[in-house]
Amino acid sequence: MDFNFMINDVVQTARKEMEEAGYESLSTPEEVEEALAGEGTTLVMVNSVCGCAGGIARPAAAYMRNYEKKPDRFVTVFAGQDKEATEKARSYFTGYPPSSPSFALVKNGEIQRMVERHEIEGHEPIEVVQQLEKAFDEYCN
């Protein structure tokens with residue numbers, strides 16, 4: 001089996017999961033700037049092809065679309081795929097090292113809460129959901 005063919009299939013599936021969950025895919029630094037620099041709250045899901053992204057982070061991300069308190073925008077960048085967009089998003093996550101998968105709640109262009117890979121990998125999706133719910137309760141209307 002051709003590795004590039006296989007990885008492209010995995011990437012497309014991961015992108016589709018997030019788009020079907022209602023997240024806007026950002027693939028350029030300009031799209032990231034437009035989404036994060038403005039007013040309001042934005043949840044950024046830094047997607048990846050690892051198992052904890054597929055088994056924990058993406059299911060938690062999808063669930064959060066149904067929570068009663070919500071950010072104004074739900075967006076995703078894809079680490080290792082949309083490198084410039086991911087780098088631009090991470091420029092907003094001051095104080096946090098690169099981490100994927102991860103979640104960042106940005107309000108008015110400033111990072112408010114980060115859920116890093118070490119808080120995702122090895123945990124249950126509900127544990128990630130609970131962390132995001134607390135952030136939404138605190139920072140979203």
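**Reading the terms in a predicted model**

User: What share of the contacts in the protein chain with a separation of 6 or more comes from residues 24 or more positions apart?

Analyst: The share is 71%. A contact here is a pair with heavy atoms within 4.5 Å. Bear in mind that the model is predicted.

User: What makes the radius of gyration of the protein chain agree with a compact globule?

Analyst: The rule is 2.2 Å times the number of residues to the power 0.38. For 141 residues, that puts a compact globule near 14 Å. The protein chain has 14 Å, so the two agree. Along the principal axes, its C-alpha trace spans about 50 × 35 × 25 Å.

User: Why is Ser48 called buried?

Analyst: The cut-off is under 20% relative accessible area. Ser48 has 6%, so Ser48 is buried. Its place is the loop between strand 2 and helix 3. Leaving out residues up to four places away in sequence, Ser48 touches Ala53, Arg58, Phe78, Ser100 and Pro101.

User: How do you know that the buried residues of helix 4 lie on the same side?

Analyst: Those residues are Ala85, Thr86 and Ala89. They cover an arc of only 100 degrees around the axis, and therefore sit on the same side of helix 4. In general, an α-helix has 3.6 residues a turn, so residues three or four places apart point the same way. The other side of helix 4 has Lys83, Glu84 and Glu87, which are exposed.

User: Which elements do the buried residues of helix 4 pack against?

Analyst: They pack against helix 2, strand 2 and strand 3.

User: What makes strand 4 and strand 5 a pair?

Analyst: Pairing needs at least two bridges. Strand 4 and strand 5 have 5, in the antiparallel sense. They therefore count as paired. The hairpin has 2 residues between the strands, and Asn108 takes a positive phi near 50 degrees.

User: Why is a set of residues called a nonpolar core, and which members of the largest one touch the most others?

Analyst: The members must be buried, of nonpolar type such as Ala, Leu or Phe, and joined through side-chain atoms within 4.5 Å. The largest core has 26 residues; Tyr23, Leu43, Phe103, Ile120, Val128 and Phe136 touch the most other members. Strand 2, helix 3, strand 4 and helix 5 each give two or more residues. Helix 3 supplies the largest share, 7 residues. A second, separate core has 17 residues, including Ala35, Val46, Phe93 and Met114.

User: What does Phe103 contact beyond its neighbours within four places in sequence?

Analyst: Among its contacts are Leu43, Ala57, Ile120, Val128 and Leu132.

Conventions:
Residues numbered from 1 in each chain as written. Predicted model: local features only at pLDDT ≥ 70, side-chain atom pairs only at ≥ 80, totals over all residues. Heavy atoms only, no water. Buried < 20%, exposed > 50% of the residue type's maximum accessible area, 1.4 Å probe, protein only. Helix = DSSP H or I, 4+ residues; strand = E, 2+ residues; numbered from the N terminus. Arc of directions from axis to C-beta.
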